[in-house]
Amino acid sequence: MQTVAVVTMVRDDAFFLKAWLRHYGEMFGRENCYVINHGRGAEVAELAAGCNVVGIPGDPHKNFDIKRWGLLNNLVGGLRRYYRHVIVGDVDELVVRDPEAGGTLLDFLEDAPDGRVLTPLGLEVIHRIDLEKDEITDHIIGPRRHVRPAPHYSKPCIISAPVKIARGGHFTQADKLFTPDDLYLMHLKFCDFGAYVGVMDHRNAVTDEVNASVKEASIGRHWFAEARGEDREVFEDFAKLEMVDEFDMRPLRRKMQRSFKPRGDTGYYHFDRPDYATQYVLPERFVGVI
């Protein structure tokens with residue numbers, strides 16, 4: 001049985017798809033990467049050559065997220081019959097292993113028990129435009145070293161058990177929380193100011209086609225122009241976050257464990273997701289990890 005498959009759905013996000021392919025394709029082999037090409041974009045198909053590319057119609061729909069996660073759930077369930085672990089998530093979310101552990105993510109998963117759902121700690125890579133002037137030409141961590149805690153992106157995304165995943169990938173039916181100390185989920189939405197503007201312009205155009213309000217549509221609120229805010233101000237505000245000197249995420253993982261509980265009567269489980277007004281500089285050992 002193969003060790004790991006990786007699954008994402010993408011529509012035209014070339015900047016993030018390149019990072020996704022470099023990270024997972026080089027580590028696991030492109031033959032174990034599954035890319036749902038929403039809208040059958042030619043650039044996506046070309047970039048993902050060698051992966052398992054599945055083209056689907058790109059018609060706008062107000063229940064986009066419901067449809068998307070219905071497809072991803074079923075694909076993950078099927079792939080689990082052929083792989084011990086399946087990593088699933090958005091194209092701008094990458095699971096990394098702390099280099100201090102002395103091995104790769106593949107090494108970790110080869111030794112990880114089956115029958116679990118693993119929840120890496122979410123860290124949002126932020127572009128400090130006042131400090132980080134270099135452009136991203138290949139690797140992201142290096143030109144960008146600042147992160148902020150992102151509990152919303154501490155997602156149960158490594159699936160090794162027969163569970164259903166909630167829309168958005170934020171919750172599963174797994175009733176035990178496993179948060180390995182070595183694992184992080186790096187969210188890249190804010191890793192580069194220029195890339196952010198381009199991606200948000202595209203996503204706003206998609207929601208305009210849907211012709212439904214934030215309340216009417218099952219699409220992430222952040223896709224809508226009315227929730228976007230002023231781009232440069234968003235990035236300038238990162239400088240206001242309190243800088244924490246020591247990179248120690250153990251207290252955040254303990255908070256996740258202490259607050260883990262059923263999500264009402266939905267059948268899903270969750271933990272508290274507070275907003276942290278803090279930031280950290282990634283240690284030197286993380287340079288080049290993405």
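Six strands make up an open sheet of mixed pairing, ordered E3-E2-E1-E4-E9-E6. Strands here are DSSP runs of E with at least two residues, helices are runs of H or I with at least four, and both are numbered from the N terminus. Two strands pair if DSSP finds at least two bridges between them. Strand E3 (52-56) and strand E6 (117-118) are the edge strands, each pairing on one side only.

This is a predicted model: local features need pLDDT of at least 70, side-chain atom pairs count only at pLDDT 80 or more, and totals for chains, interfaces and linings use all residues. Residues are numbered from 1 along each chain as its sequence is written, and side-chain values use heavy atoms, with hydrogens and water left out.

Look inside this sheet. Strand E4 (residues 83-88) and strand E9 (residues 158-159) run antiparallel and are joined by two bridges. Val86 stands opposite Ile159 in E9. Helix H1 (residues 14-28) packs on the sheet and touches strand E1 (2-10), strand E2 (33-38) and E4. Contact means heavy atoms within 4.5 Å. The direction of H1 makes about 170° with that of E1. Such angles run from 0 to 180 degrees between N-to-C directions, with axes fitted to C-alpha atoms, for helices over the stretch in contact. Helix H3 (residues 64-79) lies across E1, E2, E3, E4 and E9, at about 165° to E1.

Glu31 lies in the loop between H1 and E2. Its C-alpha atom is 6.5 Å from that of Asn52, 21 residues apart along the chain. Beyond neighbours within four places in sequence, Glu31 contacts Gly50, Asn52 and Tyr83.

Now the other sheet. Six strands form an open, mixed sheet in the order E5-E10-E7-E8-E14-E11. Strand E5 (93-97) and strand E11 (242-243) each have a single partner strand, so one side of each is left without a neighbour in the sheet. Strand E7 (residues 121-126) runs parallel to strand E10 (residues 183-187), and four bridges join them. Glu124 stands opposite His187 in E10. Helix H7 (residues 250-259) packs on this sheet, touching E7, strand E8 (146-149), E10 and strand E14 (278-281). The direction of H7 makes about 135° with that of E7.

Finally, confidence. The mean pLDDT (the predictor's confidence in each residue, from 0 to 100) of the chain is 91.
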